[in-house]
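Take a look at the structure below. This report walks through it one region at a time.

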Amino acid sequence: MRDQETAQAAIRAALTGHLVFSTLHTNDAPGATVRLIDMGVKPFLVASALNAAIGQRLIRRICSSCKTPYTYKPQEIAAVGVDPKEFLDHEFAIGRGCARCSNSGYRGRTAIHEIFVMDSELRQMVIRRESGNRIKAVAVRHGMRPLRMDGWQKCLRGDTTIEEIMRVTALD
């Protein structure tokens, strides 16, 4: 959705019982509420029509040909937003760089996601036109896993690196 007319049509369709899927450019999934309001949709209509929003980004995968164990420093782990003490003994991975990945250490991509699900408290916040950051904080408190934390899970599995997660989720 790029304009008010399209947004209004989608909201009308959702309010009349149609299942509507659309794309919308925002920094995160909870930001869809603020973006729709900024496009001219009344807050009470956004709160009524929107059930969920999914945010996604692509991240680079560590090259399987040159993948090697790596130990991050506590401050690097802390930068992600987790307690480094819990992961000091965890063996992470990085790509050394090889001919297969053009010496980048990465080959291929995978996605990270966040799923924002509306509930009554979030609906009231949207109606009150609260900021996207406040809405996101409540959504996280209610169980939403942000993009960065989904990336962290992929880092723990050895699919990507902390550097890649921080690069892709810099705005978070």
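## Terms and ground rules

A residue counts as buried under 20% relative accessible area, as exposed over 50%, and as partly exposed in between (1.4 Å probe, protein chains only). This is a predicted model: local features need pLDDT of at least 70, side-chain atom pairs count only at pLDDT 80 or more, and totals for chains, interfaces and linings use all residues. Residues are numbered from 1 along each chain as its sequence is written, and side-chain values use heavy atoms, with hydrogens and water left out.

## Leu24 in its loop

Start with Leu24. Its relative accessible area is 21%, so Leu24 is partly exposed. Leu24 sits in the loop between α1 (4–15) and α2. Helices (H or I, at least four residues) and strands (E, at least two) are DSSP runs, numbered from the N terminus.

What does Leu24 contact, leaving aside its neighbours within four places in sequence? The partners are Met1, Ala32, Arg35, Leu36 and Met39. Contact here means heavy atoms within 4.5 Å. Take Leu36: 12 residues separate Leu24 and Leu36 in sequence, and their C-alpha atoms are 8.7 Å apart in space.

## Helix α5

Helix α5 covers residues 120–127, and Leu122, Met125 and Val126 are buried in it. Seen down the axis of α5, these buried residues fall within an arc of 100°, so they line one face of the helix. The arc is that of the directions from the helix axis to the C-beta atoms. What do the buried residues of α5 pack against? They pack against α2 (31–38), α3 (43–49), β4 (106–117) and α6 (132–141).

Now look at the ends. Asp119 caps the N-terminal end of α5, with a side-chain oxygen 3.1 Å from the backbone nitrogen of Glu121. This is a polar contact: a pair of N or O atoms within 3.5 Å; within protein, one must be able to donate a hydrogen and the other to accept it, and residues adjacent in sequence count only if both atoms are side-chain atoms. Arg129 follows α5, and its phi is positive, near 60°.

## Asp150 in helix α7

Asp150 belongs to helix α7 (residues 147–156). Is Asp150 buried or exposed? Its relative accessibility is 5%, so Asp150 counts as buried.

The side chain of Asp150 reaches the backbone nitrogen of His113 at 2.8 Å. Not counting residues up to four places away in sequence, Asp150 touches Ala111, Ile112, His113 and Arg145.

## Aromatic rings

How many aromatic pairs does a search of the whole structure find? The search finds four. Rings of Phe, Tyr and Trp (its six-membered ring) pair if their centres lie within 6.5 Å; planes under 30 degrees apart count as stacked, over 60 as edge-to-face and the rest as tilted. Tyr70 and Tyr72 have ring centres 4.9 Å apart and planes at 75°, so the pair is edge-to-face. Tyr70 is partly exposed, at 26% relative accessibility. Tyr72 is buried, at a relative accessible area of 3%.

Tyr72 also pairs with Phe92: the ring centres are 5.1 Å apart and the planes are at 75°, so this pair is edge-to-face. The pair links distant parts of the chain, 20 residues apart: Tyr72 in the loop between β2 (67–70) and α4 (74–80), Phe92 in strand β3 (residues 92–95). Phe92 counts as buried, at 2% relative accessibility. Ring pairs join Tyr70, Tyr72, Phe87, Phe92 and Trp152 into a cluster.

## Cysteines

How many disulfides does the structure hold? The number is zero. A disulfide is a pair of cysteine sulfur atoms within 2.5 Å. Cys98 is buried, at 16% relative accessibility.

Cys155 is in no disulfide either; the nearest cysteine sulfur, that of Cys66, is 15 Å away. Cys155 is buried, at a relative accessible area of 1%.

## The loop between β3 and β4

Ser102 is found in the loop between β3 and β4. Its phi is near 55°, a positive value in a residue other than glycine. Ser102 is exposed, with a relative accessible area of 63%.

Asn103 lies in the loop between β3 and β4. Phi of Asn103 is positive, near 60°. At 60% relative accessibility, Asn103 counts as exposed.
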